[in-house]
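I opened a notebook page for a structure that was new to me. The entries follow in the order in which I looked things up.

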Amino acid sequence: MSSTKTGYLLINLGTPASAAVADVRRYLHEFLMDPYVLDAPWPIRKLIVSCFILPFRPKDSAHAYASIWRPEGSPLLLESQALCDALGANLQTPVALAMRYGEPGIAAAVTALRAQCVDEIVVVPLYPHYADSTVTTSVEAARAHLGDHPHRVLPVFFADPRYIEALAASVRAHLPKHWDHLLLSYHGLPERHLTKADPTQGHCLNSEDCCERPSPAQSTCYRHQVMTTSRLLTAALEIEPERYSVSFQSRLGRLPWLQPYTDQRLEELAAQGVRDLVVACPAFVADNLETLEEMGIAGRKTFLDAGGASFTLVPCLNAQPDWIEAFAQILDADRARTDLAVEAAD
């Protein structure tokens, strides 16, 4: 067994400091000016953000944040910190939380881990599925502050049986006695982000069955990975294919994003006779604006206004005890694999 003292750097997306318009504007500027998020040349990105988004969007976003803000602060920050604290207690090793955008910052989290004399730092992007706009930008930002400190990155865990079972247990616990359909709503992604990340430059979105056909592209294909999570999750729940569907939320701008779009799918399901809908959002490990407001408030209204009768939103995994145990096992297994690889190399 390795005697290396390991520290874990958990990175989630981020949150404004408050629901005030000025704080939301500051947060959106940092977020949208990231070239991994809005992948246009800097002058064009600056023009889009400064002239077409920031003059209008912060006010609406601030209203949305205010609708879910807690007396203690941001739900995403509170849930992520609870996860961090519980994971540290389980692992009995230093664990620090950082946000890619906003506070707590990555630099401060790295400094805190180094102060505890860790030999290596494991960067843990809190995203089960790979995307440049989440995983890559978080890892690159962390490496900019880690310098030559020994570190490695936890791979995405979209198909890990422990993650799947934690999801399944959470959905089971919140399924009402009577329900018609399970909608798995994932954060959306522009289609060009998939094709840009495709190492083959010819597989992703090139055919209707691209996600089912084996390819090196699947290691970086967000769509393939969310479809895999959906298939494994519904198999664990023993849900028939006709009783669930997958959709993508949170699109921004006019470029094509992954489809079907969640807001349209909610209306379609109601029109097709679905009365009692259950919604889960497996792309997020902690509840946030997209789950609590976009789905829990706006999505609920869309479905009910379209003729639905009941709308059940499954909470994210947050700091649920079985998820903390599962996540700790995922991290322990990753460390064991690393130790074996080092021993084999020696």
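Before reading any residue, I noted the cut-offs: buried means under 20% relative accessible area, exposed over 50%, and partly exposed in between, with a 1.4 Å probe and protein chains only. This is a predicted model, in which local features need pLDDT of at least 70, side-chain atom pairs count only at pLDDT 80 or more, and totals for chains, interfaces and linings use all residues. Residues are numbered from 1 along each chain as its sequence is written, and side-chain values use heavy atoms, with hydrogens and water left out.

Entry: arginine 265. I looked up its cover and found a relative accessible area of 14%, so arginine 265 is buried. Arginine 265 sits in helix H10, residues 262-271. Helices (H or I, at least four residues) and strands (E, at least two) are DSSP runs, numbered from the N terminus. For contacts I used heavy atoms within 4.5 Å. Leaving aside neighbours within four places in sequence, arginine 265 contacts His181, Leu183, Ser245, Ser247 and Gln272.

Entry: arginine 192. I found arginine 192 in helix H8, residues 191-197. Its relative accessible area is 37%, so arginine 192 is partly exposed. Not counting residues up to four places away in sequence, arginine 192 touches Asp39 and Leu255. Leucine 255 is 63 residues from arginine 192 along the chain, and their C-alpha atoms are separated by 8.8 Å. With aspartate 39 I found a polar contact, side chain to side chain, at 2.8 Å. A polar contact is a pair of N or O atoms within 3.5 Å; within protein, one must be able to donate a hydrogen and the other to accept it, and residues adjacent in sequence count only if both atoms are side-chain atoms.

Entry: backbone. Which peptide bonds did I find to be cis? One joins glutamate 103 and proline 104, with omega about 0°. Another runs from glutamine 259 to proline 260, with omega near 5°. Proline 104 lies in the loop between strand E2 (95-101) and helix H5 (106-115), and proline 260 in the loop between strand E6 (244-249) and H10.

I then looked up positive phi. Cysteine 117, not a glycine, has phi of about 60°, and lies in the loop between H5 and strand E3 (120-125). Cysteine 117 is exposed, because its relative accessible area is 57%. Glutamine 201 also has a positive phi, near 60°. At 58% relative accessibility, glutamine 201 counts as exposed.

Entry: the whole protein. I noted twelve helices and eight strands. Of the 346 residues, 54% count as buried.
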